[in-house]
Amino acid sequence: MYDTITFLTDFGLRDDFAGVCRGVIRRIAPDVHVLDITHGISPQAVNEGALMLARSIPYLPRGVHLAVVDPGVGGGRRAVAIRARDGRLYVGPDNGLLTLAAPPETIEEARGLTNSRYHLENVSRTFHARDVFAPVAAHLATGVEFADLGEEVDPETLVTIGVPEPVVATGGIRATVLAVDRFGNLQLNLVRAHVAEFGIEPGDRIELRFELDPYYAVVAETYEDARRGELLLYEDSYGAYAIAISGGDAGNLTGARPGDEVRIGRAYD
Amino acid sequence: MYDTITFLTDFGLRDDFAGVCRGVIRRIAPDVHVLDITHGISPQAVNEGALMLARSIPYLPRGVHLAVVDPGVGGGRRAVAIRARDGRLYVGPDNGLLTLAAPPETIEEARGLTNSRYHLENVSRTFHARDVFAPVAAHLATGVEFADLGEEVDPETLVTIGVPEPVVATGGIRATVLAVDRFGNLQLNLVRAHVAEFGIEPGDRIELRFELDPYYAVVAETYEDARRGELLLYEDSYGAYAIAISGGDAGNLTGARPGDEVRIGRAYD
Amino acid sequence: MYDTITFLTDFGLRDDFAGVCRGVIRRIAPDVHVLDITHGISPQAVNEGALMLARSIPYLPRGVHLAVVDPGVGGGRRAVAIRARDGRLYVGPDNGLLTLAAPPETIEEARGLTNSRYHLENVSRTFHARDVFAPVAAHLATGVEFADLGEEVDPETLVTIGVPEPVVATGGIRATVLAVDRFGNLQLNLVRAHVAEFGIEPGDRIELRFELDPYYAVVAETYEDARRGELLLYEDSYGAYAIAISGGDAGNLTGARPGDEVRIGRAYD
């Protein structure tokens with residue numbers, strides 16, 4: 001029994017897609033609270049959804065974590081539920097969306113959603129969030145036996161996605177932009193160990209190179225450590241390094257997008 | 001007594017409009033759950049709102065269904081509540097928004113919202129969602145007598161809107177785009193009977209013509225039945241036929257908008 | 001003890017920022033309802049957030065009012081909680097965001113959020129909404145002693161922001177656009193007294209001048225008092241005067257943005 005279903009999708013909020021899923025859940029589990037993480041994942045961007053689910057999980061109550069970014073709906077991809085060792089349950093497509101938050105080695109049990117008893121009576125070919133995933137999440141929250149959802153799935157066979165590793169050399173770091181948020185901050189695939197290995201620290205002046213365009217920046221602890229309008233590299237609130245502009249929008253300035261490469265070097269001037 | 005108020009508007013989420021309505025409801029009915037269907041209806045697009053409300057209702061719990069897309073606010077249009085035979089209650093402007101979901105022949109009783117006892121004390125001329133509709137919905141949920149809302153309204157006098165009918169001929173179908181969703185899928189005014197009458201079926205190759213631009217497409221059951229980048233015509237999850245691109249955005253490609261005509265013919269090549 | 005936390009930010013809904021704050025609240029205060037006012041404040045627009053919070057408060061249940069638009073996060077600005085004479089509690093940064101809703105003379109007590117016992121264990125430098133403000137709001141809702149949040153703050157020392165005053169002269173009014181809403185309506189810093197002082201009333205024809213562009217308009221009580229496509233000046237639902245187009249988008253037509261000046265004069269034609 002769980003009192004919370006968290007909900008992450010790429011549905012946006014313009015259509016009724018998230019709304020009807022909430023309706024389906026409430027018909028099955030009227031006392032369960034649906035907590036929206038976001039419905040703003042870019043359309044069909046599985047990696048972006050996986051990264052956002054994984055980083056938000058530590059801040060969410062233990063519950064059923066429903067996540068749907070599902071470009072392969074109606075095709076061969078499996079629909080799965082995962083029971084992690086820490087008691088969290090995950091429901092969604094088996095396309096890597098769930099396994100950054102719940103890597104195979106942390107999984108107690110996984111099931112394919114093959115028991116139609118826990119689906120809507122009519123299952124469409126293109127909206128499994130409404131017809132399969134939401135009802136399964138609702139039934140799980142009300143206490144349905146995990147093993148009753150369908151056939152057992154070997155956790156090692158679940159699809160996983162790789163986050164690109166940065167290259168740290170004496171001359172610089174080659175990193176990748178993982179996400180660009182509403183404020184234009186660019187989250188990178190860098191953590192403290194990478195930055196320490198390269199040997200830069202707060203106060204140092206650096207050069208950032210996107211494609212051919214070089215920008216000067218400062219290593220900082222918070223936005224206010226940089227002058228207004230200055231680029232900064234800082235450890236963000238999720239423990240990843242990010243690029244921002246004090247009082248501005250680094251995404252707009254640099255034009256950088258998820259997947260873009262950025263080279264970080266020392267500035268000599 | 002109802003424990004759920006569903007909520008659909010064209011307010012968007014940038015302003016506080018949906019938020020203050022939630023506040024008004026919670027002050028009157030603190031134990032009632034507000035379930036957002038969407039606030040993303042295009043500004044003042046009554047038809048779009050009516051279609052979305054009607055298609056989402058079967059997935060929602062029985063409750064009070066509050067819907068506001070209200071270009072005529074403050075003018076002569078009536079404010080109404082509808083009690084349907086299936087026990088659902090609808091509250092909103094009498095401009096056709098409610099009557100695709102609740103057509104006159106399904107209505108048990110309708111009332112004009114003329115009893116100011118169930119409105120806010122000060123009713124503005126331009127925000128009846130906050131001052132009239134939300135408080136009425138909240139009072140209904142807490143068990144106020146339906147007949148006490150105001151003067152009886154003959155269901156046959158409620159405004160209804162027509163959904164355009166497609167033309168099916170031997171040479172082709174002339175259909176209308178009803179909606180374009182976040183993924184760029186174009187929902188048409190076609191159901192299975194129309195497609196069967198024309199005589200095309202999954203696997204067939206067809207031609208789609210928007211204005212002068214012809215596109216080749218395939219009739220398919222799901223996105224994965226088409227090649228990546230190929231247009232497909234398929235029965236969508238709400239039982240309407242729709243046009244999509246496998247792995248892409250058909251709205252962006254074709255530039256089609258709600259109300260546009262599309263001609264569907266057989267492809268000979 | 002409060003059963004509602006209202007929530008206003010500039011986080012948008014594309015990222016997980018609002019979602020993780022909801023998660024943090026639910027872990028601390030699982031029975032408290034989070035009521036979203038909006039997360040659509042323009043990024044870092046403290047004034048816009050302050051105006052929207054102040055105007056929505058009268059429609060919201062008494063509760064803990066959590067508001068975060070926080071360009072100075074991690075710098076020297078204080079984090080505060082305010083207890084107003086009417087029993088409402090406010091939590092957010094001390095940058096003027098809260099003090100239009102809760103001006104110093106209405107405040108019973110204010111505290112700086114210096115007691116880390118009510119924060120998350122690890123407080124980042126750039127996301128105090130998640131690490132400080134949301135947990136403090138949740139603890140307050142569950143009944144934590146207000147005085148235990150941190151050191152007392154003199155209400156007179158809280159940052160306040162000024163709303164520009166219009167200039168009313170015999171020849172015209174010089175007003176400022178405070179906000180542009182989803183429908184393109186331009187909210188001005190004018191109330192009924194200003195308009196009465198200038199001496200125009202419903203039915204009068206006026207001239208609106210943005211920068212150099214003059215537009216003819218009518219003073220009206222509601223949208224339907226103007227002809228379709230005509231500009232109108234009317235008292236909006238929050239008691240401020242606003243400019244709209246009947247059946248159109250005045251923001252798009254005029255290009256006006258918050259902070260822009262508009263001159264209102266009599267039309268002689």
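1. A word on terms before we start: a salt bridge here is a side-chain nitrogen of Lys or Arg within 4 Å of a carboxyl oxygen of Asp or Glu. By that rule, three salt bridges cross the interface of chain C and chain A. One of them joins Asp16(C) to Arg55(A), with the closest N and O atoms 2.7 Å apart.

2. Please keep in mind that this is a predicted model, in which local features need pLDDT of at least 70, side-chain atom pairs count only at pLDDT 80 or more, and totals for chains, interfaces and linings use all residues. Residues are numbered from 1 along each chain as its sequence is written, chains are lettered from A and ligands numbered from 1 in the order in which they are written, and side-chain values use heavy atoms, with hydrogens and water left out.

3. Now to the symmetry. Two copies of a chain are related by a rotation about an axis and a shift along it. For chain B on chain A, the rotation is 120°, the shift 0.0 Å and the RMSD 0.0 Å.

4. On the contact between chains C and A, 34 residues of chain C touch 32 residues of chain A, where contact means heavy atoms within 4.5 Å. Only 12% of the interface residues of chain C are also interface residues in chain A, so the copies meet through different surfaces.

5. The size of an interface is often given as the accessible area lost when the parts come together. Chain C and chain A bury about 2,600 Å² between them, with 53% of it on carbon and sulfur atoms; buried area is the accessible area (1.4 Å probe) that two parts lose on being put together, summed over both. On the chain C side, Arg14(C), Asp16(C) and Arg26(C) lose the most area to chain A, together 24% of what that side buries.

6. Polar contacts deserve a look too. Between chain C and chain A, 21 residue pairs are in polar contact, both residues being at pLDDT 80 or more. A polar contact is a pair of N or O atoms within 3.5 Å; within protein, one must be able to donate a hydrogen and the other to accept it, and residues adjacent in sequence count only if both atoms are side-chain atoms.

7. Helices (H or I, at least four residues) and strands (E, at least two) are DSSP runs, numbered from the N terminus. By class, this side of chain C has eleven nonpolar, 13 polar and ten charged residues; Ala, Val, Leu, Ile, Met, Phe, Trp, Tyr, Cys and Pro count as nonpolar, Asp, Glu, Lys and Arg as charged, and the others, Gly among them, as polar.

8. Turning to chain B and chain A, 32 residues of chain B are in contact with 34 residues of chain A. In chain B, Tyr59(B), Arg182(B) and Phe183(B) lose the most area to chain A, together 28% of what that side buries. Three salt bridges cross this interface, including one between Asp16(A) and Arg55(B), whose closest N and O atoms are 2.7 Å apart. Strand 2 and helix 2 (46–56) of chain B each supply at least two residues to the side that touches chain A, and strand 2 gives the most, with five.

9. Finally, the sheet of chain B. Seven strands form an open sheet in the order 2-1-3-5-4-6-7, with mixed pairing; two strands pair if DSSP finds at least two bridges between them. Strand 2 (33–38) and strand 7 (152–153) of chain B stand at the edges with a single partner strand each, so one side of each is left without a neighbour in the sheet. Strand 1 (residues 4–9) of chain B runs parallel to strand 2, joined by five bridges, and Leu8(B) stands opposite Thr38(B) in strand 2.

Methods:
Least-squares fit on C-alpha atoms with pLDDT ≥ 70 in both.
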